[in-house]
Amino acid sequence: MSASLPSTRPLLSLAPLAYYWSKQDTLSFYVDAMQWPVDIVYLGEVICSRRHLMKLDDWLALGKELRAAGKQVVLSSLTLIDSEADRRNMHKMIERACAEDFLVEANDFSAVRAMQGKAFVAGPHLNVYHTDTLAWLASLGASRFLPPIEMGRDDLASLQLQCAERMLQMQTEVQVWGRLALAFSSRCFTARHHRLRKDSCEFRCEQYPDGLPLATRDGKDFLTINGIQTQSASCLDLGAQLPELAAMQVDILRLQPQAQGMAAVVAAFDSARTMSTGASVSETLLPPHAQRSNGYWTDKPGMQWLAGEHIS
């Protein structure tokens, strides 16, 4: 792989917000993001349909402001559709997003079907592992995809090469920073932690702006609970791998929002893509209770961290 970035630098994106922040904190975050050097901003509730502080009208209005600030805006669908109300709300979101000329990120195959051939982003939970799946999604309207979080360097390089050989016109977006989404469940683990039922959860997620840390019996951080979502305790950091990603012709680098230090994280990755180097992010910018990880990149356990000189 080449050690330098190509002349066309990759774009930076902000993933959809995974946590349940107050409406004021959410709006303040995105007002700040209008000034950050990110190119693409994903909006919408992707975790739990009970989270209600930001309505669809609020997301659409925010999207218009971000678009006026020069950002490409994508509306993201819920990841787990488990009720008729969820299905109806998903269709409503897609209908209104398309009416406002926003791209949609489909995080569930019911959302893919609802797009009815319109252009969409194939989200990371559609589990795209080979070019036959990509070709099928492209035939349904997909113009961009995110590989699964566990896809390593070699498999991604092979997939990119096959896409080029088959002339699939598909942008590739890869998460390079933030906690990893490992699983989703119909059960709300945050509510269970507080001995509450999911339907009467008292919206306890709002107490944990970066998720609820879960430790082993010997006190080691193991996972992060975020409502119905289980995340890694560690924070993915592929900053050092930016030259490799660029050499693979990865188009977009995805950053997961966090409650503190996000502007500095964005600045570090923006500087790296501008200077044609790897990104170096300070330890102080890691989310609470998090250590760095990049194990999946070299087909090792995802929670492992290998410094650049040890990756071969």
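The sulfur of Cys 205 lies 5.1 Å from the closest cysteine sulfur, in Cys 188, so the two are too far apart for a bond. A disulfide is a pair of cysteine sulfur atoms within 2.5 Å, and the structure holds zero of them.

This is a predicted model: local features need pLDDT of at least 70, side-chain atom pairs count only at pLDDT 80 or more, and totals for chains, interfaces and linings use all residues. Residues are numbered from 1 along each chain as its sequence is written, and side-chain values use heavy atoms, with hydrogens and water left out.

**Cysteine exposure**
- Cys 205 is buried (under 20% relative accessible area; 1.4 Å probe, protein chains only), with a value of 11%.

**Helix α3: length**
- Helix α3 covers residues 84–99; helices are DSSP runs of H or I, at least four residues, and strands are E runs of at least two, numbered from the N terminus.
- Its 16 residues should span 22 Å at 1.5 Å a residue, the count being one less than the number of residues.
- The end C-alpha atoms of α3 are 23 Å apart, which agrees.

**Helix α3: faces**
- Asp 86, Met 90, Met 93, Ile 94 and Ala 97 are the buried residues of α3.
- They sit on the same side of α3, because they cover an arc of only 95° around the axis, taken from the directions from the helix axis to the C-beta atoms.
- Exposed Glu 95 and Ala 99 are on the face turned away from the buried side.
- Cover for the buried residues includes α2 (56–68), β3 (72–76), β4 (103–106) and α4 (109–115), with contact meaning heavy atoms within 4.5 Å.

Methods
Buried means under 20% relative accessible area, exposed over 50%, partly exposed in between (1.4 Å probe, protein chains only).
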